[in-house]
Amino acid sequence: MHTHKDELVIEIDEQIELLIKEINASPNTQQQDAFINSFQHMLIDQLMGPFGLTRAMFDDRDGGAITSLHNFEKGVVANDADAQRHENWQRANQEKFERGDYDDRLDELHDDMKSADGKYYDAYKEPGSEMPEGPRTEARDHVVSASEIERSSRGHLAQTREERVETATQDDNIVLTAFNMNSSKGEDDLMVWAAKPSTKDPSKTNAEYYELDPKAVADTYAKAKKAVDGDQKKAVFIKQGQEFLVEGGKAAGKLALRQILGLLLKDLVQDLVQDVRYLVREGFNGAASLLEMVKARIEATLLRIREKWAEYLKEGASAGIAGFVSTLVTLIINSFVTTAKNLVVIIREAVLSIVRAIKMIVAPPPHVAPGDIAFEVMKILSAALTLSLGIMLEEVIQKALEAIPLLLPFAATLAPVITGIITGTLTLFTVLAFDRLKNFLAFRNKQLADIHRGQTMGFLKIKQTVLILDGAYQHIIITTETLRTQFALDWEEVKEAKQTTQRRLDNYRQSVNSLDDLLEQF
């Protein structure tokens with residue numbers, strides 16, 4: 001730092017000067033070209049990604065590719081087979097319950113309800129309560145009624161009629177009880193029926209009128225309910241598990257293929273754009289030159305595929321994982337709420353971005369510095385957020401286009417293109433904003449580093465001055481001690497010389513006095 005003509009001048013190194021120019025300079029031709037190329041790449045990504053190849057490869061629908069129980073009950077199904085199951089379920093709840101096959105299977109499996117000790121016990125009364133003589137087979141009861149099982153949503157989603165019959169007639173759901181009690185219960189839920197006033201004596205509940213044991217009723221009901229629900233939940237789990245493996249595999253394969261094809265087409269389109277630029281700049285010289293250009297382009301494309309096939313496969317593998325996971329996430333979400341088809345796309349693209357972000361953290365590319373990983377992850381996630389907003393915007397754009405009679409036939413085709421352009425632009429500006437922020441922070445970090453370096457130098461100079469002063473102080477102390485010692489020695493010598501001089505003076509006086517005495521005698 002120095003002054004010149006009363007002005008303060010700060011000297012900076014070349015790196016800081018470059019950063020300042022990059023941050024503050026207006027876009028030059030190189031920056032504009034870079035922006036145009038970035039916009040081109042981003043636009044190609046969008047039109048060949050969720051707004052392009054996805055439309056051709058994925059048959060997205062409300063609720064996703066697997067029918068959840070929540071969606072089934074609302075009539076939102078993933079395929080024609082589940083649509084037929086839903087229709088059968090609705091019919092079962094509207095029509096009279098036909099129980100012929102249920103009773104036939106009951107007779108086949110439970111023709112004799114005799115206990116191990118040869119006696120017949122009433123399951124709803126105190127333990128040890130025997131059944132009276134009579135047609136005991138007529139007193140068999142479905143604890144969870146056959147009609148409830150036949151009309152259940154789980155049963156129709158995941159079981160056939162035969163499987164529902166097996167669920168209803170399993171051992172834990174069939175018990176003996178009094179014939180009149182069984183007739184009174186009918187198709188009602190056991191616990192609800194037991195708490196109702198009796199039609200024969202309204203002053204008592206059904207449980208009281210038929211002298212049922214509350215604990216025996218509750219225990220028998222809980223055991224049967226657990227067995228029936230367990231069967232049906234298991235059936236739903238098996239059905240959805242099998243469909244998840246199939247649909248997840250399909251989604252993984254399609255998303256991997258989309259990623260690989262997208263990369264190939266992106267490289268090809270970019271090369272074709274360069275060829276068109278060359279033709280515009282150099283002019284068209286006939287069919288021969290065009291054929292040579294096409295041949296060169298094909299050879300260059302094949303060469304690029306040979307060079308980058310491993311990279312394509314890695315990107316395809318990560319996309320495949322994302323497709324598999326997104327299918328699971330969509331199924332889980334649809335177990336609670338029904339997702340629109342656009343939300344299914346958003347989930348898939350969001351999971352793909354998350355997988356890319358994790359890949360960036362776990363195995364970053366060689367050219368990415370460790371300090372830039374966080375920025376790259378934020379760019380990926382921000383681009384995914386922008387993409388999600390664009391997907392939600394697509395339906396709005398399509399409806400707006402449909403409102404224009406002239407554009408109505410083309411609305412479904414134009415909406416993805418327009419949305420892709422808007423989304424690509426927003427994504428590009430988001431990425432550029434992060435790059436700008438990264439450069440700004442790099443500049444600020446450089447400033448802070450310089451300040452820290454200046455402070456360190458100042459501290460070192462102060463420390464050096466302190467050391468010099470300390471050395472001078474120590475030198476003064478030593479010198480003082482030396483002078484004090486020397487002074488003491490000299491002082492002793494002076495005192496000794498003084499004493500010697502005094503003795504000599506005394507001797508001299510004595511000699512003078514003796515001389516005076518001698519002269520007086522003469």
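## A walk through the predicted model

In this predicted model, residues 24 or more positions apart account for 74% of the protein's contacts with a separation of 6 or more. The protein has 17 helices and four strands. Of its 522 residues, 32% are buried. The accessible surface comes to about 32600 Å², and 61% of that belongs to carbon and sulfur atoms.

Let's turn to the charged pairs. The count of salt bridges comes to 20, and the table lists some of them.

| Salt bridge | N to O distance |
|---|---|
| Glu108 and Arg105 | 2.8 Å |
| Arg161 and Glu150 | 3.2 Å |
| Glu150 and Arg164 | 3.0 Å |

Begin with the pair of Glu108 and Arg105, whose side chains meet in a salt bridge. Because these two are three residues apart in helix α6 (residues 100-109), about one helical turn separates them. Glu108 is exposed, with a relative accessible area of 55%.

The side chains of Arg161 and Glu150 also meet in a salt bridge. This pair links distant parts of the chain, with Arg161 in helix α9 (residues 161-168) and Glu150 in helix α7 (residues 146-150), eleven residues apart. Arg161 is partly exposed at 25% relative accessible area, while Glu150 is buried at 5%.

Arg164 counts as buried, since its relative accessibility is 5% and the cut-off for buried is under 20%. Elsewhere, salt bridges that share partners join Asp82, Arg85, Lys239 and Glu243 into one network.

Is His142 buried or exposed? At 6% relative accessibility, His142 counts as buried. His142 lies in strand β3 (residues 140-142). Leaving aside neighbours within four places in sequence, the contacts of His142 include Arg99, Leu106, Asn173 and Lys185.

Now for the surface. Val294, Ile298, Leu302, Ile305, Trp309 and Leu313 make a nonpolar surface patch of about 560 Å². One of them, Ile305, lies in helix α14 (residues 287-334) and counts as partly exposed at 32% relative accessibility.

Which residues gather in a patch of negative charge on the surface? They are Asp490, Glu492, Glu493 and Glu496. Glu492 is found in helix α17 (residues 411-521) and is partly exposed, with a relative accessible area of 46%.

Conventions. Residues numbered from 1 in each chain as written. Predicted model: local features only at pLDDT ≥ 70, side-chain atom pairs only at ≥ 80, totals over all residues. Heavy atoms only, no water. Patch = residues over 30% accessible without salt bridge, like charges linked within 9 Å, V, L, I, M, F, W, Y side chains within 5 Å. Areas by Shrake-Rupley, 256 points an atom, 1.4 Å probe, with all protein chains shown as cover. Salt bridge = Lys/Arg side-chain N within 4 Å of Asp/Glu carboxyl O. Lys, Arg positive; Asp, Glu negative; His and termini not counted. Charge placed at Lys NZ, Arg CZ, Asp CG, Glu CD. Buried < 20%, exposed > 50% of the residue type's maximum accessible area, 1.4 Å probe, protein only. Contact = heavy atoms within 4.5 Å.
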